[in-house]
Amino acid sequence: MRSGLYSTLNSGAVYEGQIKDVDFITGEIIRGEKLSDKIVGYVSYMELLNGFRKSLYMTVEEIQAHAQKYSQSYAYDLKSGKKSSVWSTNFDAMAKKTVLKRLLSGFGIMSIDQKGADLATALQADQAVVTENGLRYVDNEPDGEEKVIPFSEFIGVERNSGDEK
């Protein structure tokens, strides 16, 4: 994505046996071994430069229910037995797009403007005070000495003051 904040972004089909389980605490997928060529679901994965990572798995049935609910042309195809919608003619691509879009809309940074960088900074600067020049950890300043850490040390880019257009 053009935000410059992702190190990895991927989606793909999951075959029978490839997912053994999902850890109910962390949400992490526990991998298994592929047993057949039958697609049972779709998965998407993202990792930000700051280390935040998240995955989303949806079964084929969940994807089909989503398509039927949100695509009138797919619902029509199912009722009429036709194959005129992109969901009917290219289900795999639409399923990959859907699982990725749902992951990004729930957990991703979609903006290329400064708000995306502000969010990444906030995620990395837990417990810090954001100032015009950088981040300040007020509860960890020895002898009352103010120490400001520049934004570039956190996200690898200079923060735009908003004056330049």
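Which exposed residues does the face of α1 turned away from its buried side carry? The exposed residues on that face are Glu61 and Lys69. The model described here is a predicted one.

## Overall fold

The chain has six helices and eight strands. Their order along the sequence is β-β-β-β-β-α-α-α-α-α-β-β-β-α.

Of the 165 residues in the chain, 27% are buried. Counting contacts between residues at least 6 apart in sequence, 48% are between residues at least 24 apart.

## Helix α1

Helix α1 spans residues 60-70, and its buried residues are Val60, Ile63, His66 and Ala67. These four lie on the same side of α1, because the arc they cover around the axis is only 125 degrees. Glu61 and Lys69 are exposed on the face turned away from that buried side.

Several elements take part in covering the buried residues of α1. Among them are two strands, β4 (39-48) and β5 (53-59). The cover also includes the helices α2 (72-80), α3 (86-89) and α4 (91-107).

## Thr98 in helix α4

Thr98 belongs to helix α4. Its relative accessibility is 3%, so Thr98 counts as buried, the cut-off being under 20%. A polar atom of the Thr98 side chain lies 2.8 Å from the backbone oxygen of Met94.

Beyond its neighbours within four places in sequence, Thr98 is in contact with Ile63, His66 and Trp87. Two of these partners, Ile63 and His66, are also buried residues of α1.

## Ser44 in strand β4

Ser44 is part of strand β4. With a relative accessible area of 1%, Ser44 is buried. The Ser44 side chain reaches the backbone oxygen of Val99, at 3.0 Å.

When residues up to four places away in sequence are not counted, Ser44 touches Asn10, Ser11, Lys54, Ser55, Leu56, Val99, Leu100 and Leu103. Asn10 and Ser11 fall within the range of β1 (6-15).

## The loop between β2 and β3

Thr26 is located in the loop that runs between β2 (19-22) and β3 (29-31). The side chain of Thr26 reaches the backbone nitrogen of Glu28, at 3.1 Å.

Thr26 can also be placed relative to Lys54. The two residues are 28 apart in sequence, and their C-alpha atoms are 9.5 Å apart in space.

## The largest pocket

The volume of the largest pocket is about 590 Å³. Its lining consists of 18 residues, and those nearest the centre are Ile29, Arg31, Val43, Tyr45 and Ser55. The elements giving two or more residues to this lining are β1, β3, β4 and β5. Strand β1 provides the largest share, five residues.

By residue class, the lining has six nonpolar, eight polar and four charged residues.

Terms used: Residues are numbered from 1 along each chain as its sequence is written. This is a predicted model: local features need pLDDT of at least 70, side-chain atom pairs count only at pLDDT 80 or more; totals for chains, interfaces and linings use all residues. Side-chain values use heavy atoms; hydrogens and water are left out. A polar contact is a pair of N or O atoms within 3.5 Å; within protein, one must be able to donate a hydrogen and the other to accept it, and residues adjacent in sequence count only if both atoms are side-chain atoms. Buried means under 20% relative accessible area, exposed over 50%, partly exposed in between (1.4 Å probe, protein chains only). The arc is that of the directions from the helix axis to the C-beta atoms. Contact means heavy atoms within 4.5 Å. On a 1 Å grid over the protein atoms alone, a cavity is a set of points where a 1.4 Å probe fits but cannot get out, and a pocket is an open set with protein on both sides within 12 Å along at least five of seven lines; lining residues have an atom within 4 Å of a point. Grid points are joined across faces, edges and corners, and a volume is the space filled by probe spheres set on the points. Ala, Val, Leu, Ile, Met, Phe, Trp, Tyr, Cys and Pro count as nonpolar, Asp, Glu, Lys and Arg as charged, and the others, Gly among them, as polar.
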